[in-house]
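Here is a short briefing for a reader new to this structure. Look through the sequence and the model first, then read the points below.

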Amino acid sequence: MKITKVRTIVIYGPRRKAYGRTYASGLGPRTYSEHCIVLIDTDAEITGIGEVASCFARRGRIYEAEIEQLLAPVLIGEDPYRIAHLAARMNAVFEGSEPAKAGLEMALFDIVGKDLGTPVYNLLGGMVRERVGLSYSIPYGGPGEMAAFAAEKARAGFRTVKVKVGQDRKTDIEAVRLIREAVGPDVIVRVDANMRWRTVAEAMQVIQAIQPYDIELVEQPLPPRELDALAELRRRVSIPIMADESVWTPRDALEVVRRGAVDIVNVYLMESGGFLAAARNFGICETAGIPCIIGSMPEMGLATAAQIHLGVAMTNLGLDSDCCGVLYHEEDLLTRPLKIEGGFSYPPVGPGLGVELDMKVVERWKKPPA
Ligand SMILES: [Mg+2]
């Protein structure tokens, strides 16, 4: 089999509002997600589909240009089964742009799964669990509305809520206090600062104040490259520290392990560069005794399906994950919705990624919302 063509479509999917306003976290407000869909055609009449997702502005168009000009030429004429070889070739063309490489690699896995008639998780070692436990993120707002929102998500079945912190100290502490009160003792509460605190001292002010509220972990409290500071913070507080923005590729995972910087790592299919690299991140952490979760950009249904395939196949998936990006959007782009129920995501049934694009939605999303 040979790859004949790589096609791209930039889409603008409207984000769901929270509290009647635009969703916002430490990364800023977002009215829509700008992602890039990729379709890889073959001479066997199998087309693989992939999604390049990013929570950062304008990335859909940037990744599309990199795919068209730099990465697609690497794939044309090649055998789609040689995924590791093609991933290495893409890395040799230029460093970085992991999400673009992940979207293309996702489509290659889809092709191989479809050709073999087997789901992608079977290409990753097979199922070690049947579903992936979920966390729901509580965006920036007033402490009262954040608590009501968290209670609503707990009632909907989410076992874990992730409180976005880094607004200001008083608001963060009050939000966490009210959320714990609202969800009761049985729901897991974690916090995510999205790199907002600049120093160990600044992070400690909030972390020590929220300690009484039974907090599972603190996600990315400090800027991504501040690994010595992260390690120091980790020694000085009792709540476990999770890396998110600090870890993209396997090289980053190895570095946080070496520096003793974190207790848990949030692995992204997009940031790592694809299934193979994400699985390496999982492997490095597992060998070091560090559990992982899967993070979200947040993806549409296509890349969410890919995350779920990864999640059911990784032995080292420890805590609840963010494999439900579709829930942060007003609608999805799949012909059949993913099964996301009672706080769990389930892998789609069928060969490859097991999902198909609803081209009517894709067409509608080709223009950014006014
Ligand atoms: Mg995060």
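## A covered helix and its surroundings

Helix α12 is mostly covered, with 13 of its 13 residues buried. The model is predicted.

**Helix α12**
- The helix covers residues 301–313, and at 1.5 Å a residue its 13 residues should span 18 Å.
- Its end C-alpha atoms are 18 Å apart, so the span agrees with that expectation.

**The whole chain**
- The chain has 13 helices and 15 strands.
- Of its 370 residues, 54% count as buried.
- A compact globule of 370 residues would have a radius of gyration near 21 Å; the chain has 20 Å, which agrees.
- Taken along the principal axes, the C-alpha atoms fill a box of roughly 60 × 45 × 35 Å.
- Among contacts with a separation of 6 or more, 75% join residues 24 or more positions apart.

**The largest nonpolar core**
- This core holds 122 residues, and Val-161, Val-163, Ile-179 and Val-265 touch the most other members.
- Helix α3 (residues 98–116) gives the most to the core, with nine residues.
- The core lies between domain 1 (3–117 + 358–364) and domain 2 (123–345), because both give residues to it.
- In soluble globular proteins, nonpolar side chains tend to be buried together.

**Around Val-163**
- Leaving aside neighbours within four places in sequence, Val-163 is in contact with Ile-138, Met-146, Ala-175, Val-176, Ile-179, Val-189 and Val-191.
- One of these partners, Ile-179, is also among the core residues that touch the most other members.

Notes. Residues are numbered from 1 along each chain as its sequence is written. This is a predicted model: local features need pLDDT of at least 70, side-chain atom pairs count only at pLDDT 80 or more; totals for chains, interfaces and linings use all residues. A nonpolar core is a set of buried Ala, Val, Leu, Ile, Met, Phe, Trp, Tyr and Cys residues joined through C-beta atoms within 7 Å. A residue is buried if 20 or more other C-beta atoms lie within 10 Å of its own, exposed if 12 or fewer, and partly exposed in between; C-beta atoms are placed from the backbone. Helices (H or I, at least four residues) and strands (E, at least two) are DSSP runs, numbered from the N terminus. Domain bounds come from an automatic or database domain assignment. Two residues are in contact if their C-beta atoms, placed from the backbone, lie within 7 Å. The radius of gyration is taken over C-alpha atoms; the globule rule is 2.2 Å times the number of residues to the power 0.38. The expected span of a helix is 1.5 Å times one less than its number of residues.
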